[in-house]
Each structure stands twice: as structure tokens, then as C-alpha cells.
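Subject: Handover of a structure

Dear colleague,

Please find the structure below, followed by an account of what was found in it. I would be grateful if you read the two side by side.

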Amino acid sequence: MDRGSKPAVLVTGGAGYIGAHTAKALHEQGYLPVVYDNLSSGFRQAVRWGPLVQGDIRDAAALGEAMAAHKVQAVIHFAGLIEVGRSTVKPDLFWEVNVAGTTSLLQVMREHKVERLVFSSSAAVYGQGARSAQQSIAEDAEKAPSSPYGDTKLAAEWMIAAQCRAYGLAAVALRYFNAAGADPSGLIGEAHDPETHLIPLAIAAALGEGKPLTVFGQDFQTPDGTCLRDYIHVSDLARAHVAALGIELRAGAFEAVNVGTGEGRSVMQVVDAVAKAAGCQVPHSVGARRAGDPPSLVADPSLARDLLGWTPRHSSLQEIVADALRWETRPAYGKGVRASSGRGSSPFTSSAD
Ligand SMILES: NC(=O)c1ccc[n+]([C@@H]2O[C@H](COP(=O)([O-])OP(=O)(O)OC[C@H]3O[C@@H](n4cnc5c(N)ncnc54)[C@H](O)[C@@H]3O)[C@@H](O)[C@H]2O)c1
């Protein structure tokens with residue numbers, strides 16, 4: 001990509017958690033991040049490093065206008081629905097937004113001759129399958145999503161790969177493991193509603209701001225019996241997107257790349273790290289396993305290193321938890337807002353504005 005004149009990158013879902021961190025990383029590397037987001041779960045306050053175009057990815061006309069107006073050269077596609085549990089009761093909605101929405105985006109990219117895409121995929125495409133809890137996951141591992149959410153991520157990947165072959169698009173699907181932490185500036189951070197991710201829930205429990213934590217299952221074939229996950233600092237994840245934009249790819253190429261550390265951390269290790277950082281216990285109880293929770297999801301990150309030249313720098317559990325704790329104790333936006341409004345587009349009061 002020509003880096004001479006601040007190339008514009010359309011960041012769908014750039015008002016959300018990972019998109020906002022990536023917009024910051026793009027800005028720092030000399031790109032102009034143009035955020036395209038319907039604010040259904042994102043925040044205006046998280047858009048700080050380039051313009052915001054409010055629109056839906058299923059609205060092809062609005063997408064096309066944004067691409068033309070900003071002379072977009074590449075797209076990073078985060079926009080979508082992410083709650084695994086909700087996907088089991090509204091699978092049609094997840095297919096409509098995550099799969100049909102991606103089809104709409106690809107069609108508009110083709111019309112506007114935008115030939116480079118980085119797509120937010122997920123370790124959810126793997127599920128547990130026949131893999132043992134001790135095995136890390138390489139990109140060619142069996143794909144056995146255990147939720148409609150994972151199905152939509154895999155289906156979107158397949159469609160992107162097919163369109164690369166058919167139309168000469170070049171794309172990288174980054175399969176994130178567990179995104180966590182927050183930008184150390186405190187300007188942006190994780191603000192999902194409902195929050196289903198372990199670290200913010202453990203912090204809320206420790207600070208007495210949320211319910212006591214439920215640990216779902218302590219009878220897995222793992223060292224302490226709780227699930228193993230691969231936590232990746234969101235700033236490291238953001239850098240992986242910038243790296244994926246910059247690599248040489250021939251027209252028609254499609255690459256799927258794991259973004260993780262290669263280290264599994266158990267739920268109880270996370271609980272202990274939060275207790276240590278917060279200086280108090282994390283009230284918790286042990287509940288039953290959740291349906292479809294794989295015992296272990298740990299990346300083999302070799303391809304990210306070899307293809308993207310990327311390795312994590314800030315993904316020790318201590319650094320992730322410290323940055324998450326800083327954000328959760330002083331969030332610049334998010335807390336309590338959606339409970340009353342139900343929308344991400346409401347006015348906020350924020351010290352960071
Ligand atoms: N958070 C994780 O640990 C994780 C792990 C694996 C993959 N992912 C993927 O990363 C992406 C971003 O996740 P996140 O955690 O930042 O979620 P998020 O909910 O914070 O961000 C998603 C953004 O997309 C926007 N959006 C949703 N539907 C839209 C639509 N139809 N049109 C336009 N904008 C729309 C939302 O307003 C929001 O700003 C998702 O595609 C998700 O599947 C996330």
C-alpha cells in the first residue's frame with residue numbers, strides 16, 4: 001500500500017473494543033482510520049483518531065459513499081455481533097449481520113476497487129473437536145465451532161476466501177484468541193454490554209461492582225480443572241492488524257492467521273491475578289460447565305510470527321490485568337449508559353471528551 005499520503009483504511013466496527021484500539025494503532029503508523037459503525041454496541045467517544053461515519057454494514061449505498069468520500073484503500077472489518085449465548089437464541093440475526101453483512105461489504109469493496117481486507121475472525125471457529133486439552137491449535141486444525149457465533153465466523157471466512165479466488169481480493173483473517181486489557185492511556189477500553197468476558201467480570205466482582213464471579217466448571221482435563229484460554233493484550237492484537245495490512249500478498253491470496261500468545265491461562269490463574277492486582281479477593285463460586293465451552297483454546301502463534309513478523313509484547317497476565325483494572329476503575333465511557341438507553345449513540349458525560 002502507498003504510505004506516502006496517509007492512506008485511508010475503513011475500520012468497520014471501529015467504535016467498538018478491538019476496533020478502537022486498532023484505529024489508534026493505525027493512526028500511530030501513519031494511516032487514517034475512517035470508522036464505519038452503526039453504534040449498536042460501540043461508542044462515539046472511542047472514535048478519536050479519524051472520522052466517524054455512522055452506518056450499517058448491510059447498507060451498501062452508505063458503505064459505498066464512505067469508501068468514495070474518503071478514498072479508502074483497504075478495509076479492516078470488525079463490525080458484527082459477538083455474544084456467543086445470544087447467538088444460540090438468535091442465530092438468524094447473527095447470520096444476517098455477520099455473514100450477509102460481510103457479503104454486502106465485499107460487494108461494495110469490489111465496486112470501489114478496494115482490494116485489501118483484514119477480517120476479525122475468532123478462535124471460536126475451532127471449538128474443541130477431537131483435540132486434547134494439551135494441544136495448541138494451528139490454523140489447519142479441525143474446525144468444529146460450538147456455537148452459531150462460531151459458525152458465522154467460519155462461514156464468513158469461507159466466503160471471503162472464495163471471493164479472493166474469484167475476484168482477486170487479497171485478505172487476511174485474524175483468528176483472535178481472548179482479547180483482553182486496555183490501552184494504557186485509559187482513553188479506550190472494553191465496554192461490552194452485557195459483559196461476558198472473564199477479566200472485566202472478575203474485576204467487577206473484586207471491586208464489589210458486579211455479582212460474584214461464577215467459575216463454569218472445575219472438572220475439565222486441565223491442570224487445575226478450570227478452562228484454559230489464551231489471553232492476548234488488545235494493543236498487541238491491534239498491532240497484528242497493522243502488520244496484516246502491510247504484508248505483501250498476491251491478488252487472490254487468502255491467509256488465516258492465529259493471534260494468540262501460545263500460553264494457556266486457567267480461569268483460576270486469572271482470578272488470582274485479578275486478586276493480586278486489585279489487592280482484594282475475587283468473590284466467586286464454582287458452577288456447572290457451560291454448554292459448548294471447550295476445555296482449552298490455546299494458539300499455536302507460529303504463523304503470525306513468520307507471516308506477519310508479529311509477536312506479542314504486552315500480553316503477560318500481569319500487564320493485561322493491570323491495564324484492564326486501570327480502565328475498569330476509570331472508564332472514559334460505557335458504564336451504566338446502556339442500562340438506561342439501550343443504545344450506543346446516546347450522549348455521554350466523559351472526562352475524556
Ligand atoms: N472480543 C473478543 O475477545 C473477540 C474474540 C474473537 C473475535 N472477535 C471479533 O472481533 C470483532 C470486534 O469485537 P469487539 O470485542 O470489539 O466487539 P464490540 O461489540 O466492542 O465491537 C463491534 C462493533 O461493531 C459495531 N457493529 C455491530 N453491528 C454492526 C453493523 N451491522 N453495522 C455497523 N457496525 C456494527 C458495533 O457498534 C461495535 O462498535 C467482532 O467481529 C468479533 O467477532 C472478538
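A crossing of two helices is left-handed if the near helix is turned anticlockwise from the far one by less than a right angle, and right-handed if clockwise. Helices here are DSSP runs of H or I with at least four residues, numbered from the N terminus.

The model is predicted, so local features need pLDDT of at least 70 and side-chain atom pairs pLDDT 80 or more, while totals for chains, interfaces and linings use all residues. Residues are numbered from 1 along each chain as its sequence is written, and side-chain values use heavy atoms, without hydrogens and water.

The crossing of α2 and α4 is right-handed. Ala60, Leu63, Gly64 and Met67 of α2 meet Ser104, Leu105, Val108 and Met109 of α4 in this contact (heavy atoms within 4.5 Å). Six of the contact residues are nonpolar, two are polar and none is charged (Ala, Val, Leu, Ile, Met, Phe, Trp, Tyr, Cys and Pro count as nonpolar, Asp, Glu, Lys and Arg as charged, the others, Gly among them, as polar).

Helix α7 covers residues 234–246, and eleven of its 13 residues are buried (under 20% relative accessible area, with a 1.4 Å probe and protein chains only). Among them are Val234, Leu237 and His241.

Alanine 202 belongs to helix α6, residues 198–206. Alanine 202 is also buried, at a relative accessible area of 0%. Leaving aside residues up to four places away in sequence, alanine 202 touches Leu213, Val274 and Val282.

Yours sincerely

Conventions: Helix = DSSP H or I, 4+ residues; strand = E, 2+ residues; numbered from the N terminus. Expected span 1.5 Å × (residues − 1). Buried < 20%, exposed > 50% of the residue type's maximum accessible area, 1.4 Å probe, protein only.
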